[in-house]
Amino acid sequence: MADKDPLPNGHQIARLCGTRGVDNGIVTSAAFALRPKDECRLSADWVQCSYVGLEQQNISGCSDRLRAISHYPQYAVFLQVDDIRKIMRDNRPLDVLEAHTKRTKCHCAIVGMQDTPEDLETQGELADLANDAGRIVLVS
Amino acid sequence: MSTANPAIGYPTEGSFEWFDVTTRFFKRMKTDLNMLSCSSSKTLCDFQEQAESMRDSLKDWSDIEGLLSRSSELEELLAIARQAISTEIAERLTVMRDQPFNPEEGEEPLNIESTRSFLLFCLRRGIEHRPIITATPHGLVQADWRGGKSNRVTVRFFPESKVWFSIRTPSLRKTSELPLKEFWESQSLPPFPELE
């Protein structure tokens, strides 16, 4: 999958956290941990996705999209793209890029991590954004 | 130090020492054992007989670390945790064990080696109050301690007895990787704040 265009500032993304990435209503960096198949790209869904109708380019529409692909009830957190870009990793800011596929039109990816211990702090900053925004939604 | 006083039924030095060691690892028995040791109506023989009976049933619990290290099933680890470390920690891990995950997305069940490492860490550091406990999609256990806005410790437990950790306090900011044993022996770890 090739990197595509960066998402516009001011837009939001939603990240599925599973059931185990949240405890006592708090999202931790575990919810933003990389998996080998991720290739150092964290999957997310683009809320204001331009590949769907206007009526679905919002949190409610995004929640519906996540519900359709989620195999079990789990939490989703919503983050501002520009806030993500303020997080530095190895002196470079994270970025959020389009990564749509045939199956998931609104798929995007947070890029810039390297699957090393230093990512723990970066993932913690992403978790802080999620907790500070206070928008942790159960998708079921 | 001798605490022997057979005339009034107090335990001999050896028995009291055993009592002290076993109550560290079997908290539920503490109340009963306290009653035995303080009861002035019990003769020394009665105390020793009952203490030996308890000791036989408790001898396996004198080496909790060995039990944790030898357990081959997650259920065993959780049972040991419940009895000897912390009920609330064991309950949270049990909930996480039962939570769904999606193998098609590369998600995995709670990793037994990661869980073992976490419990050994709790045992070694005397952690009884449960932190925030979550797991990565790979099933790796992660513990977060938060004390106010400025104190934070995060530890992610890997199967190869190594940890990734991140410490943020007013005087220390560090993120790195260490072998588990080296981490739990570290003198530079701040006190673990209680979950708020």
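How many residues of chain B are in contact with chain A, and how many residues of chain A take part? In this predicted model, in which local features need pLDDT of at least 70, side-chain atom pairs count only at pLDDT 80 or more and totals for chains, interfaces and linings use all residues, side-chain values use heavy atoms, with hydrogens and water left out. Residues are numbered from 1 along each chain as its sequence is written, while chains are lettered from A and ligands numbered from 1 in the order in which they are written.

**View 1. The interface between chain B and chain A.** Contact, meaning heavy atoms within 4.5 Å, links 38 residues of chain B with 27 residues of chain A. The buried area, that is, the accessible area (1.4 Å probe) that two parts lose on being put together, summed over both, is about 2,700 Å², and carbon and sulfur atoms give 50% of this area. On the side of chain B, the residues that lose the most area to chain A are Glu105(B), Trp164(B) and Thr175(B), which together account for 20% of what that side buries.

View 2. The side of chain B that touches chain A is made up of 13 nonpolar, 12 polar and 13 charged residues, where Ala, Val, Leu, Ile, Met, Phe, Trp, Tyr, Cys and Pro count as nonpolar, Asp, Glu, Lys and Arg as charged, and the others, Gly among them, as polar.

**View 3. Helix H7 of chain B and its two ends.** Helices (H or I, at least four residues) and strands (E, at least two) are DSSP runs, numbered from the N terminus. The 14 residues of helix H7 (residues 112-125) of chain B should span 20 Å at 1.5 Å a residue, which agrees with the 20 Å between its end C-alpha atoms; the expected span is 1.5 Å times one less than the number of residues. Among the residues of H7(B) that are buried are Phe118(B), Leu119(B), Leu120(B) and Phe121(B), buried meaning under 20% relative accessible area (1.4 Å probe, protein chains only). Asn111(B) caps the N-terminal end of H7(B), with a side-chain oxygen 3.0 Å from the backbone nitrogen of Glu113(B), and Gly126(B), which follows the helix, has a positive phi near 65°.

Methods: Buried means under 20% relative accessible area, exposed over 50%, partly exposed in between (1.4 Å probe, protein chains only). A polar contact is a pair of N or O atoms within 3.5 Å; within protein, one must be able to donate a hydrogen and the other to accept it, and residues adjacent in sequence count only if both atoms are side-chain atoms.
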